[in-house]
Amino acid sequence: MQPAEFDDSTAEYWARQIRIGASVAAGVTMLGCVRVAVDWVPDRRWLLGPVLAAALVQLVAALLPWARLVRSARVRRWLVLWWAAELPLLFLFSRLDQDGLMLYLPGVALILVTAASLYGPTLVVGLGAVAVAGYLALLPDLTGANAVSTVSLVAIMSCLVALSSINARSRRRLDRRRQAAEHRTEMLLEAASDAVFAIDVTGAVRYASPSAQRIFGLTGAEVTGKAMVELAHPDELAGLRAWMGALFAVPGGTARTEARLRRPDGTWLHLDVIGTNRTDDADLRAAVISLRDIGRRKELEEQLSRQAFTDSLTGLPNRALFRDRLEQAVQRRAGGGVTVLLIDLDDFKLVNDNLGHSAGDELLATLAGRLRAEMRPGDTLARLGGDEFAILVENLEAADAVALAERLLLAGREQIRLDSRDVTCSLSIGIASGDLPAGQLLRDADLAMYAAKRAGRNAYAVFSPSMSRSVLEEAQQRVDMELGLEQEQFVLLYQPVVDMTTQQMTGVEALVRWRHPEDGLLSPYQFIATAEANGLIVPLGRWVLREACAQLARWRRETPAAAGLKVNVNLSARQFQYAGLVADVAAAIDDAGIPAGSLTLEITESMLMEDITGAIETLRALRALGVRLAIDDFGTGYSSLNYLKQLPVDIIKIDRTFVEQVDTDADDVALVDAVVGLGQALRLQTVAEGIETDGQWMMLRQIGCDQGQGYLFGRPGDAASVTGLLAREPAAADL
């Protein structure tokens, strides 16, 4: 008989109709009190009290909070009794009043009209039937009534009942349509990605769409009546109030902002807020606020910001963020007090080449943690890229900056476990400070860092203006070397290696020279160290290896005496540590088409001792190719007999420092004799370097040295000079 669900609009409608009906009933009852007091006989005037009480009860009923009460289905059921009770009371009053029939008819009309405004046609028809029955019961008391009048009045009452039921039916149909339209709107709003609020000028929420529960976790009833600012983040409260004030100041205007509102669980929801002022609309009188969840967009923005300003591997600030903080620090400390430390990990590329990039990443992450532990909380540590880090400190004295660099060096030298190997690395640190622009501080720190590398690495250097020239020279030399490799400015000279007994040439050692277009022919001492420092030694060494093998192949094809000739090639430290060395050697041999045993690779003793385990693995891989291996400058390092026994080498080359006075100094004779004896015990060939006199040759031959090289047998010369030497002697034996 009534709607199954009561929304605010329906409840307000019921409350309004009930108040109107109760007020009208109270007024009619008060008129009844007047008739009792004036027209009724004295013995019936005692009924004035009950009638007056009924009027007061109806008047009080009109003041009850019906908007809340009618939401209860039980209250709505009991209200039916109100209308049902009105008819017998009206009947009794009409029966006692001499003009009761005249009062009965309009009273019944009021009851039917008010009932039709709330209930369906069934109840209205039922009340109408009872009313007609009551009218017929009153007719016997009506004097002078005839059949025509009676039928006419009954017909009029029946029409009234019919019209009231039709109105009730029409109202119910309109209610259903309205509710269906509202339901469709609610469903659309519930499925919408936005929540919609209607907020009055006080800031209180008058309406919240169903989607608010999905977005906020709050039902419309929980939000309605609350001030929107009650849900706002404290940091944004003032801004949100100002925004709402500006919105309500312009009727019909639209404004947009972003805000954070609190969920019931205490979390904060990032929202895009669009408000339209509809206070000039008489049906709304509020601002319509659309709220869209932009939490994912905010997360994406934060993620992009982190990616833009944070290093993904270490979580440290990246170059862009470091530069920004440096510029801000320079502006704050216009009078100085800003220090930059630029840190580079020495030979990091070797870790990537030998252990893989994952091990390199682990090394960088571990090192970042160690560096951070040595800094003050307010300092900035950043990874600029690759193996380069930077530190920004403020208000630090020069001595304290040096002390920090020393602590960082110690932290960098601590062993790091990577996979199954313990790795020790070192740092090169450049320090720059002063009242300078951010870019200048970075450049100065970079120059100081390269100065530390040139000084031997594992060191720090404080910037001084004199560094600029040397670094520029080094940079120019790098450019020149790259151009030299591209234009094939490097050449090989070859020094003979001879048999100590017959002085017959058994091999040659390939020695690189740089035919510089401006400075002429440069010896290795003038460019090898620079090539080692800037990494060009690897491509240069690869070229030397391939060129030497190719030249040996040409000699063997062109000169019969070169059938057993061998070629020695020196490996640099970086080249020996390079992961692609074995592949480079194999490719050089295959491309030249020479036997692997005709190539001898020379490695210094100190290079082997830097990482004995890794050196043994590399030597074994090279030995597996079939090449011969020689320890160069033997005696100048610090290898033990145990290590020498483990190394898979074929030749020991005695350093020239022991050969210079071997024919005059008994101690040198004893040392060389010991080395030769060691070589014989280990089944290794011995080669003496730097032989320049007959006395040296005779003594070394007497000691038992197998081979020798030096100016006595031939200076380094080009390939044509070796061809000439080969032409003057019989074919060399393949030793």
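Here are legends for a set of close-up views of this predicted model.

View 1. The structure has 5 aromatic pairs. In the one shown here, the ring centres of tryptophan 66 and tryptophan 82 are 6.4 Å apart and the planes meet at 35°, so the pair counts as tilted. Tryptophan 66 sits in helix H3 (residues 66-69) and tryptophan 82 in helix H4 (residues 73-96), so the pair ties together parts that are 16 residues apart in sequence. With a relative accessible area of 7%, tryptophan 66 is buried.

**View 2. An aromatic cluster.** Here you're looking at Phe490, Trp514 and Phe527, which form one cluster.

**View 3. A nonpolar patch on the surface.** Ile20, Val24, Val28 and Leu110 make up this patch, and together they have about 290 Å² of accessible area. Helix H1 (residues 8-38) is the biggest contributor, giving 3 residues. Valine 28 is found in helix H1, and its relative accessibility of 39% makes it partly exposed.

**View 4. A positive patch built from arginines.** Arg169, Arg173, Arg176 and Arg177 form this surface patch. Pick out arginine 173 and you're in helix H7 (residues 147-191); arginine 173 comes in at 36% relative accessibility, so it's partly exposed.

**View 5. Two salt bridges that use strand S3.** The model has 18 salt bridges. In one of them, glutamate 236 pairs with arginine 260, with the closest N and O atoms 2.8 Å apart. Glutamate 236 is in the loop between helix H9 (220-223) and helix H10 (237-248), while arginine 260 is in strand S3 (residues 254-262), 24 residues apart. Both ends are partly exposed: glutamate 236 at 23% and arginine 260 at 21%. In the other, aspartate 272 and arginine 256 bring their closest N and O atoms to 2.4 Å. Aspartate 272 is buried at 8% relative accessible area, whereas arginine 256 is exposed at 57%.

View 6. Glutamate 414 and arginine 370 have their closest N and O atoms 3.9 Å apart, so the pair falls within the 4 Å cut-off for a salt bridge. Glutamate 414 is in the loop between helix H15 (398-413) and strand S9 (416-418), and arginine 370 is in helix H14 (residues 357-373), 44 residues apart. Glutamate 414 is partly exposed at 44%, but arginine 370 counts as buried at 18%.

**View 7. A salt-bridge network.** Glu509, Glu602, Lys653 and Glu689 are the linked residues here.

How values were computed: Residues numbered from 1 in each chain as written. Predicted model: local features only at pLDDT ≥ 70, side-chain atom pairs only at ≥ 80, totals over all residues. Heavy atoms only, no water. Patch = residues over 30% accessible without salt bridge, like charges linked within 9 Å, V, L, I, M, F, W, Y side chains within 5 Å. Areas by Shrake-Rupley, 256 points an atom, 1.4 Å probe, with all protein chains shown as cover. Salt bridge = Lys/Arg side-chain N within 4 Å of Asp/Glu carboxyl O. Lys, Arg positive; Asp, Glu negative; His and termini not counted. Charge placed at Lys NZ, Arg CZ, Asp CG, Glu CD. Helix = DSSP H or I, 4+ residues; strand = E, 2+ residues; numbered from the N terminus. Buried < 20%, exposed > 50% of the residue type's maximum accessible area, 1.4 Å probe, protein only. Phe/Tyr/Trp six-rings, centres within 6.5 Å; stacked < 30°, edge-to-face > 60°.
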